[in-house]
Amino acid sequence: MTTTLPGFPPEQAIADIGEASVRFVVASELYPLEALYGASYVFIDRCYVLLDRADDKNYSVVLTRREAEADANQLRDLVGEFANELLSCAWRHKIAQENRAIIEATTIQAISGAMGPPSLDDLAALDFSEEPFDDPLGIAVSWEDKYTKKDDAKASKKGTSK
Amino acid sequence: MTQLRFRRDLYDGKSVDAAVKAFSGVASFDLTEDDAYWTVAVTATGEHSERDIVGELANAALALTIEGRA
């Protein structure tokens, strides 16, 4: 016997008291699949969860109590709690997406820091011959490169003048 | 016999297979497929209720699918 649940439109949630289950619809535009998986994973230790598609724009979720009996209030609570968890998962997913670059950079820095300072072998393996960055003003020039050439030029001028 | 349908774009096929194998000792299964679904027909063979086996099978397939994505 199917019945509607208090607080839920009939097109959104329908309960089957005899089966102790409730089927409800989740808009895929509002809740990404990862959020649906996240909420479902939390609930698989409480009840049986089956996912499907109601249509192109909506997922269908069937929650079935492990106990063979249920009343409308228990099923209503189950759907309500799942909806809250789904919203929480959707929010976390959104935050993770928006801050993905920061999270990855922070994680990499934390891991590389935990590895400790580089060893002598690591330092010896570093290649210092490549240009690390553009230097249009010629600031990053070693002292030897900057002054030795001028000294050679001066010495050659003194030699020719005598 | 109870039929359980797993949407192909929501469940991983290997996960469904693994879940079916995990429960092979308590039920018999008949697997079919079409463009949209993997369908598993479940018949309990032991003392456990078919309702429980179907529910646990669904949870196992879902859990394996989700964990495989991590």
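The buried residues of helix α2(A) are Leu75(A), Leu78(A), Val79(A), Phe82(A), Glu85(A), Leu86(A), Cys89(A) and Ala90(A), where buried means under 20% relative accessible area, with exposed being over 50% and partly exposed in between (1.4 Å probe, protein chains only). The model is predicted, so local features need pLDDT of at least 70 and side-chain atom pairs count only at pLDDT 80 or more, while totals for chains, interfaces and linings use all residues. Residues are numbered from 1 along each chain as its sequence is written, chains are lettered from A and ligands numbered from 1 in the order in which they are written, and side-chain values use heavy atoms, leaving out hydrogens and water.

As for what these buried residues pack against, the partners are β2 (13-16), β3 (21-27), α1, β4 and β5 of chain A; contact here means heavy atoms within 4.5 Å. Helices (H or I, at least four residues) and strands (E, at least two) are DSSP runs, numbered from the N terminus. Helix α2(A) covers residues 72-98, and its end C-alpha atoms sit 39 Å apart, in agreement with the 39 Å that 27 residues should span at 1.5 Å a residue (the expected span is 1.5 Å times one less than the number of residues). At the N-terminal end, Asp71(A) does the capping, with a side-chain oxygen 3.1 Å from the backbone nitrogen of Asn73(A).

Turning to the interface, 21 residues of chain A touch 20 residues of chain B. The two chains bury about 1,700 Å² between them, 52% of it on carbon and sulfur atoms; buried area is the accessible area (1.4 Å probe) that two parts lose on being put together, summed over both. On the chain A side, Tyr37(A), Tyr41(A) and Tyr48(A) lose the most area to chain B, together 35% of what that side buries.

There are 3 salt bridges between chain A and chain B, each a side-chain nitrogen of Lys or Arg within 4 Å of a carboxyl oxygen of Asp or Glu. Glu56(B) pairs up with Arg66(A) in a salt bridge whose closest N and O atoms are 2.4 Å apart.

Over on chain B, Arg7(B) lies in strand β1 (residues 2-7). Leaving aside neighbours within four places in sequence, Arg7(B) is in contact with Asp52(A), Arg53(A), Ala36(B), Tyr37(B) and Trp38(B).

Definitions and conventions: Polar contact = N/O pair within 3.5 Å; in protein donor to acceptor, adjacent residues only side chain to side chain.
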